[in-house]
Amino acid sequence: MRQAKLSAFKKNIQELYIVPPNDLGIPIVTSWYRAINKFFKSMPFLIIVPLTILIFILLALVSQHIIIRLATFIQYGY
Amino acid sequence: MDINTLFAYLIASLIIFARTFAGLLINPYKTVRTQSISGTVSHAVIICLMSLFYFSLAKPTISEIFLATVSAFAMYILTIFGFSILPGDGTFHVRLKRYNATWALSYVPTIIWFYASFYLFLLFPPPRSESMQGVVLSVLFLAFSLSLLAWKGILAYLSIRFSSRVQFYRVLYYIFLYLAVSIPVWILLYNLHIFRVPFV
């Protein structure tokens, strides 16, 4: 039992390090990248959905005509 | 393989696909990483079948269904071959196996978008009006479309990252190469009326 748990743990650790962590060359850029990246690694829709709704609400406030034209164009595109 | 074994294999594949789909929603990073190691083929097969079913719904004639299906499959095969040729960790065949397992997952948002747009087209056919309901529906539809595009972008990035196992800048370079080759193909397919929105 303990051996099985140990081998599963080893497998998980090996899986974690199949790729080396990203290094963008400049330490501050790398830290920014990691700070932003963590939001997209798990549950990305918690960020993406409110952000996209906000973008299009703002666009609708600027011009409803653009929103209507864009939605019609994309809907014809399916 | 007898019919019972085939049926059991199909059910098992569907259950695994459902779990992977939930994983892509909740934890895309870990799911794509796991799939790049397992190298499973069944997801690609299920997505191919879903695409074929979609084309049979959306296209009016057999020849158009055939043309759309062949074009989509050819683009998929050429894409995974193209990415596998580019430098990365492991041999060409190893990378090809990984891409086959992970790149197919980046088609999940595309397929959801196409099915949703198809049924939305039937329920609320365009053009939209500038009434309150029209604007709200348009905002929701555009937000839904952009969310799926962002999800697809994340899955495509992770697919390249874990299949070629390269660093961030090289992933961006590979995406740039992919777009440089694909955009003319999408324009060609658009002009030939095969896909009005590219099957990316």
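**Figure 1. Buried area between chain B and chain A in the predicted model.** Together the two chains bury about 3900 Å², and carbon and sulfur atoms account for 68% of that area. On the chain B side, the residues that lose the most area to chain A are B:Arg33, B:Glu130 and B:Leu142, which together make up 14% of what that side buries. The contact draws on 46 residues of chain B and 37 residues of chain A.

**Figure 2. Salt bridge and polar contacts across the interface of chain B and chain A.** The rule finds one salt bridge here. A:Glu15 and B:Arg33 form a salt bridge, with 3.7 Å between their closest N and O atoms.

**Figure 3. Helices on the side of chain B that touches chain A.** Two or more residues come from each of α1 (3-26), α2 (28-38), α3 (42-58), α6 (108-123), α7 (132-164) and α8 (168-191) of chain B. Of these, α7(B) gives the most, with 15 residues. By residue class, this side of chain B divides into 30 nonpolar, nine polar and seven charged residues.

**Figure 4. A nonpolar surface patch with residues from chain A and chain B.** The patch is formed by A:Phe39, A:Met43, A:Leu46, A:Ile47, A:Leu51, A:Ile55, B:Leu25 and B:Ile26. Their accessible area together is about 700 Å². Elements giving two or more residues to the patch are α3 (45-62) of chain A and α1 of chain B. The most comes from α3(A), with four residues. B:Ile26 lies in helix α1 of chain B.

Conventions:
Residues numbered from 1 in each chain as written. Chains lettered and ligands numbered in written order. Predicted model: local features only at pLDDT ≥ 70, side-chain atom pairs only at ≥ 80, totals over all residues. Heavy atoms only, no water. Contact = heavy atoms within 4.5 Å. Buried area = accessible area lost by both parts, 1.4 Å probe. Salt bridge = Lys/Arg side-chain N within 4 Å of Asp/Glu carboxyl O. Polar contact = N/O pair within 3.5 Å; in protein donor to acceptor, adjacent residues only side chain to side chain. Nonpolar A, V, L, I, M, F, W, Y, C, P; charged D, E, K, R; others polar. Patch = residues over 30% accessible without salt bridge, like charges linked within 9 Å, V, L, I, M, F, W, Y side chains within 5 Å. Areas by Shrake-Rupley, 256 points an atom, 1.4 Å probe, with all protein chains shown as cover.
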